[in-house]
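Try each task before you read its solution.

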Amino acid sequence: MAFNGKWESETQDGYEEFCKLIGIPDDVISKGRDFKLVTEVIQNGEDYSWIQYYPNNHVVTNKFIVGKESEMETVGGKKFKGTVSMEGAKLAISFPKYHHTSEISGGKLVETSTATSAKGPVVFVRTSKKI
């Protein structure tokens with residue numbers, strides 16, 4: 001139940017380069033640059049509801065069971081089917097344009113997204129504190 005609770009972003013490393021690479025429009029990138037994203041996680045064993053509250057009242061909710069294929073949604077609103085797995089203590093999923101992991105480290109929620117560009121990997125790390 002380590003993920004359970006509400007989390008507010010503190011730092012975002014690699015945000016702009018990552019967002020541009022995966023096709024997020026510049027105006028959306030600008031709004032999200034200093035936005036305190038809130039992530040609410042409701043965890044019941046292997047069953048999760050992962051809710052993220054973005055600027056302009058945009059909410060993305062993904063419900064999944066670890067190891068089972070689920071209908072998911074990207075931040076850009078695209079629907080896809082994916083399977084969340086465990087990589088050690090990390091939740092991991094491959095979105096259409098990037099690989100994403102989430103873990104609790106030092107009492108913080110650390111989300112790492114990695115996309116591949118022509119120049120190599122672009123990594124975005126968001127760290128959030130529990131609220």
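Two rings of Phe, Tyr or Trp (its six-membered ring) form a pair if their centres lie within 6.5 Å. Please keep in mind that this is a predicted model.

**Exercise 1.** Find the residues that ring pairs link into a cluster.

*Solution.* Start from the total: the pair rule gives 8 aromatic pairs. Next, follow the links from ring to ring, and you collect Y15, F18, F80, F95, Y98 and F124 in a cluster.

**Exercise 2.** Classify the aromatic pair of Y48 and F64, and decide whether each residue is buried or exposed.

*Solution.* First, take the geometry: the ring centres of Y48 and F64 are 5.0 Å apart, with 10 degrees between the planes. Planes under 30 degrees apart count as stacked, so this pair is stacked. Third, apply the burial cut-off of under 20% relative accessible area. Y48 is buried because its relative accessibility is 3%, and F64 is buried too, at 6%.

**Exercise 3.** Describe the largest pocket and its lining.

*Solution.* Begin with the volume, about 730 Å³. Of its 39 lining residues, Q52, Y54, V75, Y98 and R126 are the closest to the centre. Then sort the lining by class: 23 nonpolar, 12 polar and 4 charged.

Definitions and conventions:
Residues are numbered from 1 along each chain as its sequence is written. This is a predicted model: local features need pLDDT of at least 70, side-chain atom pairs count only at pLDDT 80 or more; totals for chains, interfaces and linings use all residues. Side-chain values use heavy atoms; hydrogens and water are left out. On a 1 Å grid over the protein atoms alone, a cavity is a set of points where a 1.4 Å probe fits but cannot get out, and a pocket is an open set with protein on both sides within 12 Å along at least five of seven lines; lining residues have an atom within 4 Å of a point. Grid points are joined across faces, edges and corners, and a volume is the space filled by probe spheres set on the points. Ala, Val, Leu, Ile, Met, Phe, Trp, Tyr, Cys and Pro count as nonpolar, Asp, Glu, Lys and Arg as charged, and the others, Gly among them, as polar. Rings of Phe, Tyr and Trp (its six-membered ring) pair if their centres lie within 6.5 Å; planes under 30 degrees apart count as stacked, over 60 as edge-to-face and the rest as tilted. Buried means under 20% relative accessible area, exposed over 50%, partly exposed in between (1.4 Å probe, protein chains only).
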